[in-house]
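Biologist: Hi! I'm new to this one, could you walk me through it?

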Amino acid sequence: MIRFLTAGESHGKALAAIIEGFPSNLSVTKEYFDFHLKRRQMGYGRGGRMKIESDEVEILSGIRNGKTLGSPVSILIRNKDWENWKDEMGTEPSADKPGKVSVPRPGHADLVGVSKYNFDDIRNSIERSSARETAARVAAGTLARKFLEQFGIFVGSFVESIGGVYPKENFFDNLIANKVSSKFNAWTLSKKADKSDVRVLDEDHRKRIIRKIKLTKKNGDTLGGTFVVAATGVPVGLGSFVHYDRRLDADIASAMVSINAVKAVEIGNGFAGAEMFGSNVHDEIIKRGENFIRRTNRAGGVEGGTSTGMPVIVRAAMKPIATLMSPVQSVDLKNMRRTDARRERSDFVAVPACAVIAESMLAWVIAKHFLIKFGGDSIEETTDNYMNYQKKLFKRIKKNFSK
Ligand code: EPS
């Protein structure tokens, strides 16, 4: 079973990730990690912080000569902004008392944080609840992604809407209708989306979104949006229906909602399907060679908590960033008087970055269920187990039912 742990405050010295459970002999380089970390930093509408940071990993352990050792992989991502926060964020007691933050921002973890942890400074909540932490998650998810690529499994994403601005032709509908080639590789979505500064798939859509973001910034406001994340090449049989905590879709939903500011998720056409007849929802089964495929993919690649072999399709919604330059009402905890919520440097829109983080989380969940099913201490052993299953899958079904 793979697991990871992240540590680090937004303006502390560094973020760290410890990633555990991947087999040995998996090839991976610093360059590969850094490539995906950079993708998370992109996006029109980010604030000043991304101009300071240029995230890169320092691999501390678990990898030797470009290959995993099977031991815990530990990774450090330094915060360049730490230089400006040493006094505020030092770990030792300081003679100069740092200025306390006392006005919580609605929608952020400020008030729940001081309530729960008995803090006397909202800064203590701000730092760890910041989406800065997701850089470490992307590092963990990148190792999972590299692992999956060995088995022809690819993950990709695009932004579907920002501030309610949708494309004229929605590629999500094509995925659900399965209007994609059987050779479709989800990474091609990302390759195309990454060319756009808001990670959308067409130029007209991009222009309309940029207009909306510019207007929003002028008004001191923020925006959220929706994004689609997909995985192709996922074999039949990851996850299970036998226990609630073995279901692939449940794990995917949990991983998505665990991303800062994500408030909703659907697998396949989840919400739309609820309004349709069953005959228009369920994906017809077709035998194609030594394989079963589906005419459509409204189930988003999961039935009975188990992967069907069709692309895994997930759509999620991110709420608008909670730090507003034209703030909403709050209370100053120093004097308990009504006041405007605190302004603080922030992003106006972070949906493009959120989609990249979602890729990492989806890769993580799929890699986890892949290793639960196929196991193995070395990548060679995992590959043998996987190949053996794939080779015999159809033959076994045929044999079982012809008796
Ligand atoms: C964030 C606030 C901003 C963002 C940050 C998330 O940071 P700062 O307060 O330093 O300007 O830039 O995102 C990142 C640092 C990142 O790496 O994504 C917040 O409050 O969540």
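This is a predicted model: local features need pLDDT of at least 70, side-chain atom pairs count only at pLDDT 80 or more; totals for chains, interfaces and linings use all residues.

Biologist: Great. How many salt bridges does a search of the whole structure find?

Modeller: The search gives 34. A salt bridge here is a side-chain nitrogen of Lys or Arg within 4 Å of a carboxyl oxygen of Asp or Glu.

Biologist: Which residue does E58 pair with?

Modeller: E58 pairs with R78, and their closest N and O atoms are 2.6 Å apart. E58 sits in strand β3 (residues 58-61) and R78 in strand β6 (residues 73-78), so this bridge ties together parts that are 20 residues apart in sequence. Helices (H or I, at least four residues) and strands (E, at least two) are DSSP runs, numbered from the N terminus.

Biologist: And is E58 buried, exposed or partly exposed?

Modeller: Partly exposed, because its relative accessibility is 32%. R78 is partly exposed too, at 46%. Buried means under 20% relative accessible area, exposed means over 50%, and partly exposed is in between (1.4 Å probe, protein chains only).

Biologist: What does R123 bridge to?

Modeller: R123 forms a salt bridge with E344, with the closest N and O atoms 3.3 Å apart. R123 is in helix α5 (residues 123-129), while E344 is in the loop between β16 (337-340) and α12 (351-374), so the pair links parts 221 residues apart in sequence. Both R123 and E344 are buried.

Biologist: Which residues are linked in a network of salt bridges?

Modeller: That network links R40, R49, E53, D55, D81, R132 and R345.

Biologist: Changing topic: where is D283?

Modeller: D283 is in the loop between α11 (270-273) and β10 (285-287). D283 is buried but has no salt bridge, and R298, the nearest side chain of opposite charge, is 4.5 Å away. For charges, Lys and Arg count as positive and Asp and Glu as negative; His and the chain ends are not counted.

Biologist: So what does the side chain of D283 make a polar contact with?

Modeller: With the side chain of T296, at 2.6 Å. The D283 side chain also reaches the backbone nitrogen of N297 at 3.4 Å. A polar contact is a pair of N or O atoms within 3.5 Å; within protein, one must be able to donate a hydrogen and the other to accept it, and residues adjacent in sequence count only if both atoms are side-chain atoms.

Biologist: Now the surface. Which residues form the nonpolar patch?

Modeller: I285, F292, I397 and F401, with about 440 Å² of accessible area together. Patches are made of residues with over 30% relative accessible area and no salt bridge; like charges are joined within 9 Å, and nonpolar side chains (Val, Leu, Ile, Met, Phe, Trp, Tyr) within 5 Å. Areas come from the Shrake-Rupley method with a 1.4 Å probe, and for residues only the protein chains shown count as cover. F401 is in helix α13 and is exposed at 72% relative accessible area. I285 is in strand β10 and is exposed at 59%.

Biologist: And which residues form the negative patch?

Modeller: D377, E380, E381 and D384. The place of a charge is taken as NZ of Lys, CZ of Arg, CG of Asp or CD of Glu. E381 lies in helix α13 (residues 379-401), and with 36% relative accessibility E381 is partly exposed.

Technical notes. Residues are numbered from 1 along each chain as its sequence is written. Side-chain values use heavy atoms; hydrogens and water are left out.
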